[in-house]
Amino acid sequence: MTTNDMHNPVRVACLISGGGRSVVNLHKKIISAKIPAHIVLVASTRANVAGIQAAAALGLETCEIAALPADTLDDRLDAALEKSGAELIVLAGYLRLFRVARWKNRCLNIHPSLLPKFGGHGMWGEHVHAAVLAAGEIESGCTVHWADEQFDTGSIILQRRCPIHDDMNSTQLAARVFEEESQALPEALARVAHWLRHGGTRPNFTVASNPNQKMN
Ligand code: GRF
């Protein structure tokens with residue numbers, strides 16, 4: 001990162017469908033870890049989600065584009081994203097399939113499992129963690145990846161792992177995985193922001209960070 005990067009932060013738009021925990025965390029980490037990025041828009045395609053209020057309370061620009069036929073909704077969403085000047089889209093708890101066409105190589109998703117395991121349509125929130133436990137896994141974690149035209153299949157940027165204890169239920173596992181998500185998404189954003197400003201190889205899979213190593 002250079003001082004110049006801080007003067008020219010990457011413009012990020014976040015899409016959400018629910019509570020907005022990932023957006024709130026990302027915004028705080030951008031500030032505390034001095035990631036050269038700025039959230040220019042938080043958009044939801046569901047009406048009245050708590051995440052929009054949470055984002056607005058942080059002073060972030062928000063919009064809701066809801067209750068429309070799919071194509072119209074995607075067109076409006078694209079228009080709002082263009083208008084925001086976003087350079088990068090982050091799917092931060094977004095449950096619809098995003099029409100990625102205009103944003104190929106400019107769109108990240110975070111998923112609460114170690115993809116390719118436990119991804120795909122219907123695999124979100126507690127469904128993921130319940131499936132992980134039912135499969136008898138001994139570890140779980142999260143994945144940040146480039147979004148493509150399907151759910152959870154794009155190339156992986158990074159993963160963070162955590163152990164599963166015998167007595168863990170899905171709520172406890174979700175909370176534990178979210179701790180890792182709170183590190184993984186800012187870390188991926190920092191790498192992608194660097195790539196957008198300085199070029200080089202597009203960020204791709206690296207072995208999980210040292211779990212003890214945390215951003216500020
Ligand atoms: C996170 O677990 C993320 O992995 C997933 O959505 C969750 C955040 O959603 N994609 P929310 O902010 O709790 O609605």
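Reader: Leaving aside its neighbours within four places in sequence, which residues is Ala92 in contact with?

Author: Two residues are in contact if their C-beta atoms, placed from the backbone, lie within 7 Å. With neighbours within four places in sequence left aside, Ala92 is in contact with Cys14, Leu15, Ile16, Ser22, Val23, Leu26 and Ile110. Please keep in mind that this is a predicted model, in which local features need pLDDT of at least 70 and side-chain atom pairs count only at pLDDT 80 or more, while totals for chains, interfaces and linings use all residues. Residues are numbered from 1 along each chain as its sequence is written.

Reader: How many residues has the largest nonpolar core, and which have the most contacts inside it?

Author: A nonpolar core is a set of buried Ala, Val, Leu, Ile, Met, Phe, Trp, Tyr and Cys residues joined through C-beta atoms within 7 Å. A residue is buried if 20 or more other C-beta atoms lie within 10 Å of its own, exposed if 12 or fewer, and partly exposed in between, with C-beta atoms placed from the backbone. The largest core here has 50 residues, and those with the most contacts inside it are Val12, Cys14, Leu91 and Ala92. Helix 6 gives the largest share of this core, nine residues; helices (H or I, at least four residues) and strands (E, at least two) are DSSP runs, numbered from the N terminus.

Reader: Which residues of helix 2 are buried, and where on the helix do they lie?

Author: An α-helix has 3.6 residues a turn, so residues three or four places apart point the same way. In helix 2, the buried residues are Ser22, Val23, Leu26, His27, Lys29 and Ile30. They cover an arc of only 170° around the axis, which puts them on the same side of helix 2; the arc is that of the directions from the helix axis to the C-beta atoms. The face turned away from this buried side carries the exposed residues Ile31 and Ser32. Among the elements that cover the buried residues of helix 2 are strand 1 (10-16), strand 2 (37-44), helix 3 (50-57), strand 5 (107-111) and helix 6 (170-198).

Reader: What span should helix 2 have, and how far apart are its end C-alpha atoms?

Author: The expected span of a helix is 1.5 Å times one less than its number of residues. For the 12 residues of helix 2 (residues 21-32) this should be 16 Å, and the end C-alpha atoms are 16 Å apart, which agrees. Helix 4 (residues 70-84) can be read likewise, since its 15 residues should span 21 Å and its end C-alpha atoms are 21 Å apart, which agrees.

Reader: What is the order of the strands in the open sheet, and which strands stand at the edges?

Author: Strands of a sheet pair through backbone hydrogen bonds, either parallel or antiparallel. Two strands count as paired if DSSP finds at least two bridges between them. This open sheet of seven strands has the order 3-2-1-4-5-6-7, with mixed pairing. Strand 3 (62-64) and strand 7 (156-163) stand at the edges, each with a single partner strand, so one side of each is left without a neighbour in the sheet.

Reader: Where do residues other than glycine have a positive phi, and which peptide bond is cis?

Author: Most residues other than glycine have a negative phi, and most peptide bonds are trans. Asn48, which is not a glycine, has a positive phi of about 55°; this residue is found in the loop between strand 2 and helix 3 and is exposed, with 9 other C-beta atoms within 10 Å. Asn105 has a positive phi near 65°, lies in the loop between strand 4 (88-91) and strand 5, and counts as partly exposed, with 15 C-beta neighbours inside 10 Å. Lys34, which follows helix 2, has a positive phi near 50°. The peptide bond from Leu115 to Pro116 is cis, with omega near 15°, and Pro116 has its place in the loop between strand 5 and helix 5 (125-134).
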